[in-house]
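New notebook page, new structure. I'm jotting down what I look up as I go.

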Amino acid sequence: VPEGSFEVGVDLAVTPGKVVHRNPIIELIQYSAATVKVREIPILVIPPWINKYYVMDMRPENSMYRYLVESGFTVFTISWKNPDESVRGVEWADYMEMGVIEALRAVKAITGAEKVNTVGYCLGGILEQVTLAYLAAQGDEAASAQGLPAVNSATFFATHQDFSDAGEIDVFISEPQVRFLEWLMEASGGYLDGRNMAATFNILRANDLLWHYVVHNYLMGKEPPAFDLLYWNSDGTRVPGKVHSFLIREFFLENRLKEPNGIEVRGVGIDTRRITVPTYAVACSTDHIVPWRGASKIREMLGGPVRFVLAESGHIAGIINHPAKKKRAYWLNEAEDAQTLAPDEWLDGATQHEGSWWPDWVPWLEGHSGP
């Protein structure tokens with residue numbers, strides 16, 4: 001993207017809001033109300049920590065956060081610290097406790113709401129799922145004693161479930177490569193450099209993210225387009241070494257999330273089947289990072305009702321698809337046994353709907369957000 005094409009806070013991430021809480025690893029942003037009245041139950045969004053939070057708040061015409069506040073919701077989002085050596089000792093449990101759990105506590109303190117709806121995207125969805133299972137294992141009374149609101153519903157965007165189908169990133173997941181990565185992170189200050197992360201994802205889509213620009217810009221001399229998504233993609237982040245190692249080993253390498261109590265956090269076994277809140281889950285049909293068939297297994301991984309939607313397109317474009325654009329489509333299977341069908345059977349019985357899935361999600365959210 002040409003230098004100076006965008007500026008965060010000027011062209012991107014301009015939905016009005018304020019930082020309302022801060023600790024060593026997060027800032028919590030609350031967006032300003034855009035309607036006279038708002039729904040009783042607020043929303044907490046948990047973005048992935050490998051890119052900046054504003055993927056859901058690019059320009060006003062494709063901002064999910066703006067769409068939500070204009071639909072009458074109170075929206076909070078986590079913005080993760082871009083790590084340096086000061087967070088060398090931070091672990092996965094810290095991301096859960098100082099990230100999601102502390103944010104939930106802050107949302108309750110600020111709004112007075114006894115319930116909160118959570119939304120997780122990609123790695124943020126994995127952390128959301130682990131946190132909800134962790135809190136469910138402790139029980140409602142323990143959560144209330146910690147000043148936490150009850151989680152009323154959960155939404156997951158493009159979130160891995162069965163890591164035996166981990167997409168094209170599988171080529172980087174093996175014991176020798178993970179050991180090398182751990183050595184690299186330790187040698188470079190205790191975190192994974194954002195350039196390594198960016199190179200990994202660029203290689204996975206070399207035709208789109210590498211060779212396209214070699215041909216058009218270097219060989220043919222064309223000016224690259226000012227594309228907001230590519231600007232965001234280049235606004236890279238680092239990842240704490242211990243957090244990344246836990247993610248790669250416990251989830252991708254060992255595939256323990258699907259095993260009841262296969263993962264332990266702070267001595268608590270994580271069993272996702274303890275999560276019984278109503279759930280809305282979106283996967284993307286051509287997602288090369290989170291293949292939709294693996295993501296669809298959330299229907300059997302949770303203990304409550306799941307409304308599963310398959311969106312047309314990939315990991316970002318399938319999620320960030322404002323209804324005003326009238327682009328793409330999505331599939332829904334509303335049969336009584338839809339939650340138990342195998343992925344291809346689910347798709348065979350699904351109905352295709354033109355346009356964005358957001359207008360399906362918002363009424364569902366309204367039904368779980370109080371008066």
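I started with helix α9, which covers residues 241-253. Its buried residues are Gly241, Val243, His244, Ser245, Leu247, Ile248, Glu250, Phe251 and Phe252. A reminder to myself: this is a predicted model. Then I looked at what comes after the helix, and found asparagine 255 following α9 with a positive phi, near 55 degrees.

**Surface patches**

Which residues form a nonpolar patch on the surface? I got Trp211, Val214, Val215, Tyr218, Leu219 and Met220, and together they have about 670 Å² of accessible area.

Next I went for charge. Glu336, Asp337, Glu345 and Asp348 form a negative surface patch. Glutamate 336 is in the loop between β13 (329-332) and α12 (343-348). Is glutamate 336 buried or exposed? Its relative accessibility is 87%, so I noted glutamate 336 as exposed.

**Salt bridges**

How many salt bridges does a search of the whole structure find? My note says 13. I went through a few of them.

One of them joins the side chains of glutamate 27 and arginine 22, at 2.7 Å from N to O. Glutamate 27 has a relative accessibility of 27%, so it counts as partly exposed.

Another pairs the side chains of arginine 59 and glutamate 61, with 3.2 Å between N and O. I have arginine 59 as partly exposed because its relative accessible area is 26%. Glutamate 61 is partly exposed as well, at 41%.

Then I checked glutamate 97, which forms a salt bridge with arginine 266; their closest N and O atoms are 3.1 Å apart. This pair links distant parts of the chain, since glutamate 97 is in helix α2 and arginine 266 is in the loop between β9 (263-265) and β10 (268-270), 169 residues apart. With 26% relative accessibility, glutamate 97 is partly exposed, and arginine 266, with a relative accessible area of 44%, is also partly exposed.

Which residues do salt bridges with shared partners join into one network? I wrote down Arg59, Glu61 and Asp228.

**Three threonines**

I looked up threonine 15 next. It is placed in the segment before β1 (17-22). Why does threonine 15 count as buried? Its relative accessibility is 7%, and buried means under 20%. The side chain of threonine 15 also makes a polar contact of 3.4 Å with the side chain of serine 63.

Threonine 111 was my last stop. It belongs to helix α2, which covers residues 92-111. At 33% relative accessibility, threonine 111 goes down as partly exposed, because that label is for values between the buried limit of 20% and the exposed limit of 50%. I also checked threonine 111 against threonine 74: they are 37 residues apart in sequence, and their C-alpha atoms are 9.1 Å apart in space.

How values were computed:
Residues are numbered from 1 along each chain as its sequence is written. This is a predicted model: local features need pLDDT of at least 70, side-chain atom pairs count only at pLDDT 80 or more; totals for chains, interfaces and linings use all residues. Side-chain values use heavy atoms; hydrogens and water are left out. Patches are made of residues with over 30% relative accessible area and no salt bridge: like charges are joined within 9 Å, nonpolar side chains (Val, Leu, Ile, Met, Phe, Trp, Tyr) within 5 Å. Accessible areas come from the Shrake-Rupley method with a 1.4 Å probe; for residues, only the protein chains shown count as cover. A salt bridge is a side-chain nitrogen of Lys or Arg within 4 Å of a carboxyl oxygen of Asp or Glu. Lys and Arg count as positive and Asp and Glu as negative; His and the chain ends are not counted. The place of a charge is taken as NZ of Lys, CZ of Arg, CG of Asp or CD of Glu. Helices (H or I, at least four residues) and strands (E, at least two) are DSSP runs, numbered from the N terminus. Buried means under 20% relative accessible area, exposed over 50%, partly exposed in between (1.4 Å probe, protein chains only). A polar contact is a pair of N or O atoms within 3.5 Å; within protein, one must be able to donate a hydrogen and the other to accept it, and residues adjacent in sequence count only if both atoms are side-chain atoms.
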